[in-house]
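I wanted a record of how the chains in this entry are folded. I opened the file and looked up strands, helices and pairings.

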Amino acid sequence: MATQDIKLKVDASGLSCPLPILKATQGIKTLQSGELMEVVATDPGSVKDFAAWASSTGNALVEQDSANGKFRFVVRRK
Amino acid sequence: MDETVSIVLFSGTDDKLTAAATLAAGAAALGRPVKIFLQYWGLNAFRADGIVGDHGLAPEAGEFGRAAVAAAAKAGQAHWAETLRMAKELGEVDIQACSASMEILKLKQSDLDPIVDGVEGVAAFYINAGEGQIIFI
């Protein structure tokens, strides 16, 4: 996925639950339908949390990966 | 299924307040309506002049627990009142003080932090909870 497609980057590194999904909720509200947001978190619980958050809110988790203790999620606004 | 999550917040120590704020914020982020009903020491922690003060920890925390919680706060874990404020901005979170507890603690709504939306009795709490889950902390 081309980086320029990402409209908003949210850094939730160092924040513990529930702040990563709160920051994601805050961020997604600023986007239009179809736009992409990238969230980077260090909380290991965020992997399951983002899956749950996406399925519950209807926003699509289109990409995720992890490296060096960082978890990255790309979400497309519903 | 009614998705409303209702939390009865009775306890007034910072660990339990943080746990309640986490549950409330998580539900709000998922788009669920959240009701928080403040009783006794939970209510007392929402005094306007003391919401960010030290409310101590549950007795089982002990030395180890106090050190762990202090380290988390130092590492930047959000204060429970801040988590609740964010949750209110992002979702539907309604915080009500129990009218009987207000009476016992001799409090008026003007004594409470503005994060508290109002005062209600237990019947109103149950009606608003509907068929949704009720969590007691």
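**Conventions.** I am working from a predicted model, in which local features need pLDDT of at least 70, side-chain atom pairs count only at pLDDT 80 or more, and totals for chains, interfaces and linings use all residues. Residues are numbered from 1 along each chain as its sequence is written, while chains are lettered from A and ligands numbered from 1 in the order in which they are written.

**Chain A, overall.** I looked up the secondary structure and found two helices and four strands, taking helices (H or I, at least four residues) and strands (E, at least two) as DSSP runs numbered from the N terminus. Along the sequence I read the pattern β-α-β-α-β-β. The radius of gyration of chain A is 11 Å, close to the 12 Å of the globule rule for 78 residues, so chain A is as compact as a globular protein of that length. I note that this radius is taken over C-alpha atoms, and that the rule is 2.2 Å times the number of residues to the power 0.38. The C-alpha trace of chain A spans about 30 × 25 × 15 Å along its principal axes.

I then checked burial in chain A: 31% of the 78 residues are buried (20 or more other C-beta atoms within 10 Å of a residue's own, with C-beta atoms placed from the backbone).

**Chain A, sheet.** Which order do the four strands take? I found an open sheet in the order S1-S2-S4-S3, with mixed pairing; two strands pair if DSSP finds at least two bridges between them. S1 (6-12) and S3 (60-67) of chain A are at the edges with a single partner strand each, so one side of each has no neighbour in the sheet. The twist averages 15° from one strand to the next (axes are lines fitted to C-alpha atoms, for helices over the stretch in contact, and angles run from 0 to 180 degrees between N-to-C directions).

S2 (residues 36-41) and S4 (residues 70-76) of chain A pair in the antiparallel sense over six bridges. I noted Arg76(A) in S4(A) as the bridge partner of Leu36(A).

**Chain B.** S2 (residues 34-38) and S3 (residues 93-98) of chain B run parallel and are joined by five bridges. Val34(B) has Val93(B) as its bridge partner in S3(B). S3(B) also pairs with S4 (residues 118-120) of chain B, parallel, over three bridges; there Val119(B) is the bridge partner of Ala97(B).

Notes: A residue is buried if 20 or more other C-beta atoms lie within 10 Å of its own, exposed if 12 or fewer, and partly exposed in between; C-beta atoms are placed from the backbone.
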